[in-house]
Amino acid sequence: MANIISDETIEYVGILAKLELDGEEKEKAKKDMGSMLDYIDKLNELDTTGVEPMSHVFPVQNVFREDVVRNGDDRENILRNAPEEKDGNFVVPKTVD
Amino acid sequence: MKQYETVIGLEVHVELATKTKIFCSCSTAFGSAPNTHTCPVCTGMPGSLPVLNKQVVEYAMAVGLATNCEITRYGKFDRKNYFYPDNPQNYQISQLYLPICRNGHVDIETEQGKKEIRIHEIHMEEDAGKLVHDEWSDCSLVDFNRSGVPLIEIVSEPDMRSAKEVIAYLEKLRLTIQYLGASDCKLNEGSMRADVNLSVREVGAKEFGTRTEMKNLNSFKAIARAIENETERQIDLIEDGEKVIQETRRWDDNKGYSYAMRSKEDAQDYRYFPEPDLVPIVIDDEWLNRVKDAQPEFRDEKKVRYMEEYKLPEYDADIITLHKKMADIFEKTTELCKNPKKVSNYLMGETMRLLKDKGQEPEDLKFSPENLAKLINLVEQGVINGNTAKDVFAKIFEENVDPEEYVKEHGLKMDNNSDEIRKIVEEVLANNPQSVQDYRNGKEKAIGFLVGQTMKAAKGKANPGIVNQLLKEMLKNE
């Protein structure tokens, strides 16, 4: 494998993704990530001179909605997805800036 | 003592005045009960798909054109990944690689003269929900009504050097966007939010110093205070041989200082990538020209036209065009009563005074141009006098009453009957011999008191011209 992922990198990526990995999982993730980057390197060998960067896999553009209110109050249904609710709000662990 | 210079760039978020959110058909109305304007899209439910609101693109284009930007003809959205409970998808849909507008500028004017502030880019994105800390349960509560409300973020270059320039720039943006009808731009309600990026450097230095980003600035006054405070804080650090840390700080306007929020994450930490759920936006010439043709007359042009077409003094034109709402009322009223200077007087005098008394903004004005025009006509035609008009205007301001009916109902028509007024004047002169004596002894001011007494006796309805004329006549005769 050409790309070796360091312990610091995998630790950092774990923090960003809010993932807690144990020793074994970390080693596995390092290997996976390394082989993914190897594959990217392989793709980079291709000469893409003159090829437009692709923004989307479908050849579709300009899909819009008109600015008209169509959704009514569906709070009851939406809050069914809340682990906990209070006074019409989703309750989450204390979060302050 | 070294000389320092402050270098400021601004990130301004503006909530667009669309009826619906950027990616779903939920209402954007402000102040409703929590979570009553939500759906699977704006609460980030798995499997839901966003569909772009066309009006958002048109407003963003219009603001870009008005700020001399290049419009990106082939654009797209990107995902900005971060975890926070007000962001239900764990990513914000924004634009990093191909923002809708780039390389613009606006011209500002301060006491130092004219200056160009460059705009780096304007991009479209979605707002987050509102997080409230619940004292009782030691939990936080999330309301997603604001989640998905469309925003544009206007990023300036670091071209400003003082709080005055910052405020002039913000005023210019606010006016431009209000004239476009793209947002009401209220800082105190959060429909316009400015983050200040600030660094200091020694005068003459080529490199920028380390910058901080200041958040939670809810008024022009808070912005000015925060800039002054942060400039001093950074200079003190440097003078003490310490380093400025690149970080986000939160301004507390009550206490008059800021504190560090979290160390600024690097751009790649957001792990941006192209948004796969939205297709590219292609803006062709036809669409661009249509938005261009719909651009309104902006403040500077309007001001010049008011001076030329309506012969308003520059002072009047300046104040009236400062708010789109004022300018709209001025034009419609003038069209109806053909008396621009009188309309301007009402707007700059009584209207401004009442707004100030009630702590309101011109955007809050509720009276109709029709009723103001009728009032001005009533005075011009001599149906009511100026005093009465002032009282009636207060009613129009308050409840938008029809002045013709109001005057009729309350019997406020001006008394033009010289014989009746003569009787009242005779009485007033008889009751105030001292003032009569004073006037005849050359104290001309005494006539003012007598006019006041006569108007009072006539319940404010007497024709002031006739009162003045009769008083002078009768004081001379005896």
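Asn81(B) stands opposite Tyr91(B), a residue of strand β6(B). The two strands β5 (residues 78-81) and β6 of chain B run antiparallel and are joined by 4 bridges. This description rests on a predicted model. In chain A the mean pLDDT is 90, and 98% of the residues score at least 70.

**Open sheet of chain B**

- Strands of chain B form an open sheet of 3 members in the order β6-β5-β16, with antiparallel pairing.
- The edges of this sheet are β6 (91-94) and β16 (273-274) of chain B, each of which pairs on one side only.

**Confidence in chain A**

- The lowest confidence in chain A falls in helix α1 (residues 7-16) of chain A, where the mean is 89.
- The highest falls in strand β1 (residues 64-65) of chain A, at 96.

**Contact between chains A and B**

- Chain A contributes 35 residues to the contact, and chain B contributes 41 residues.
- On the side of chain A that touches chain B, β1, α3 (75-79) and β3 (89-93) of chain A each supply at least two residues.
- The largest share of that side, 5 residues, belongs to β3(A).
- Sorted by class, the side of chain A that touches chain B comprises 14 nonpolar, 9 polar and 12 charged residues.
- Strand pairing also links the chains: β3(A) and strand β10 (residues 139-143) of chain B pair in the antiparallel sense over 4 bridges.
- Within this pairing, Val92(A) has Ser140(B) of β10(B) as its bridge partner.

- Val132(B) is a residue of strand β9 (residues 130-134) of chain B.
- Once neighbours within four places in sequence are left aside, Val132(B) is in contact with Ser140(B) and Leu141(B).
- Asp86(B) is 46 residues from Val132(B) along the chain, and the C-alpha atoms of the two are separated by 9.7 Å.

**Helix α1 of chain B**

- Helix α1 (residues 54-66) of chain B has 13 residues and should therefore span 18 Å at 1.5 Å a residue; its end C-alpha atoms are 19 Å apart, which agrees.
- The helix α1(B) is mostly covered, with 11 of its 13 residues buried.
- Among the buried residues of α1(B) are Gln55(B), Glu58(B), Tyr59(B), Ala60(B), Val63(B) and Ala66(B).
- After α1(B) comes Asn68(B), which has a positive phi, near 60 degrees.

**Nonpolar cores**

- The largest nonpolar core holds 67 residues, of which Ala60(B), Val63(B), Val166(B), Tyr169(B) and Val196(B) touch the most other members.
- Helix α2 (residues 163-180) of chain B provides the largest share of this core, 10 residues.
- Apart from this core lies another, of 27 residues, including Leu312(B), Ala327(B), Tyr346(B) and Leu378(B).
- Not counting residues up to four places away in sequence, Val166(B) touches Ile8(B), Leu10(B), Met160(B), Val196(B), Ile223(B) and Ile227(B).
- Two of the residues named for the largest core, Ala60(B) and Val63(B), are also listed among the buried residues of α1(B).

Notes: Residues are numbered from 1 along each chain as its sequence is written. Chains are lettered from A and ligands numbered from 1 in the order in which they are written. This is a predicted model: local features need pLDDT of at least 70, side-chain atom pairs count only at pLDDT 80 or more; totals for chains, interfaces and linings use all residues. pLDDT is the predictor's confidence in each residue, from 0 to 100. A nonpolar core is a set of buried Ala, Val, Leu, Ile, Met, Phe, Trp, Tyr and Cys residues joined through C-beta atoms within 7 Å. A residue is buried if 20 or more other C-beta atoms lie within 10 Å of its own, exposed if 12 or fewer, and partly exposed in between; C-beta atoms are placed from the backbone. Two residues are in contact if their C-beta atoms, placed from the backbone, lie within 7 Å. Ala, Val, Leu, Ile, Met, Phe, Trp, Tyr, Cys and Pro count as nonpolar, Asp, Glu, Lys and Arg as charged, and the others, Gly among them, as polar. Two strands pair if DSSP finds at least two bridges between them. The expected span of a helix is 1.5 Å times one less than its number of residues.
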